[in-house]
Amino acid sequence: MTDSPPAPVVSRQTLLDTLDGLLQPGLFRDYGPNGLQVEGREPVRKLVSGVTASLALIDAAIAARADAILVHHGLFWRGQDGRVTGWMKRRLSRLLANEVNLFAYHLPLDAHPSLGNNAELARVLDIRLDEGDASRFGDQRLGFIGQRSMPSASALADDVSARLGRQVTLVAEPERAVRRIGLCTGGAQGYFEAAIAAGVDVFITGEISEPQAHYARECGVAYIACGHHASERFGVAAVGAHVAAQLGLEHEFIDIPNPA
């Protein structure tokens with residue numbers, strides 16, 4: 001009886017080049033650095049993906065013997081306090097002590113046309129995405145438009161709740177039929193006006209703020225907020241699995257529950 005062969009090994013730079021080639025971070029104006037945020041060991045055999053570089057995810061990845069972590073929400077954001085204290089110290093200490101690489105991609109991961117957060121949420125919700133110039137909207141074209149016929153906004157909201165496993169917030173004329181759907185995951189409530197201008201029947205995102213309820217009622221466009229974390233679980237898992245398969249790495253998606 002022979003032992004199974006060891007997992008393939010790639011360099012940290014090869015993983016970075018592959019992620020950058022797929023997600024094209026140079027095309028975006030973002031709120032923080034995309035790519036390698038914390039340098040760990042050079043050889044990479046196992047990649048763990050998750051939504052946010054929380055201490056819980058970092059500890060779970062270390063327990064899973066990961067060499068690298070890929071997240072949507074990294075550690076560093078424009079305008080934040082630059083001191084390494086408190087939660088930042090704890091997260092960085094774990095990564096550095098265990099030589100685990102941290103890769104983070106924010107807007108590039110939202111925008112990827114087939115593996116990103118919007119594309120993957122559309123797949124989970126059975127929304128057929130449009131193609132061409134009219135299929136995107138909003139700043140940096142981060143909003144996606146697709147089609148799914150439903151008898152009412154309330155029926156769509158119930159279906160989204162069932163598919164994502166959490167209660168959503170719906171602001172709408174509940175019995176109005178919907179077909180043309182705009183979506184932009186996460187905290188994209190600021191994209192609602194652009195979605196209305198694009199002619200959608202309903203807008204799906206993660207969060208809602210006070211003004212959007214009024215816009216929905218006054219403009220007759222339904223608004224569904226399904227949770228920031230819940231709307232962004234799927235893209236990073238898809239990208240992690242794709243890149244790992246391309247490079248022959250072991251991959252595991254670890255979901256750290258978040259009610260937000």
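User: How many helices and strands does the secondary structure of the chain come to?

Analyst: Helices (H or I, at least four residues) and strands (E, at least two) are DSSP runs numbered from the N terminus, and in this chain they come to 10 helices and 14 strands. This is a predicted model, in which local features need pLDDT of at least 70 and side-chain atom pairs count only at pLDDT 80 or more, while totals for chains, interfaces and linings use all residues. Residues are numbered from 1 along each chain as its sequence is written, and side-chain values use heavy atoms, with hydrogens and water left out.

User: Which share of the residues counts as buried?

Analyst: Buried means under 20% relative accessible area, exposed over 50%, and partly exposed in between, with a 1.4 Å probe and protein chains only; by that criterion, 52% of the 260 residues are buried. Strand 5 (residues 68-73) is mostly covered, with six of its six residues buried.

User: Which way do strand 4 and strand 5 run, and how many bridges join them?

Analyst: Two strands pair if DSSP finds at least two bridges between them. Strand 4 (residues 46-52) and strand 5 run parallel and are joined by five bridges, and Val48 has Ile69 of strand 5 as its bridge partner.

User: Where is Arg65 found, and is this residue buried or exposed?

Analyst: Arg65 is found in the loop between helix 2 (55-63) and strand 5, and its phi is near 65°, a positive value in a residue other than glycine. Its relative accessibility is 71%, so Arg65 counts as exposed.

User: What is phi of Gln140, and is that residue buried or exposed?

Analyst: Phi of Gln140 is near 60°, again a positive value in a residue other than glycine, and Gln140 lies in the loop between strand 8 (136-137) and strand 9 (143-150). With a relative accessible area of 19%, Gln140 is buried.
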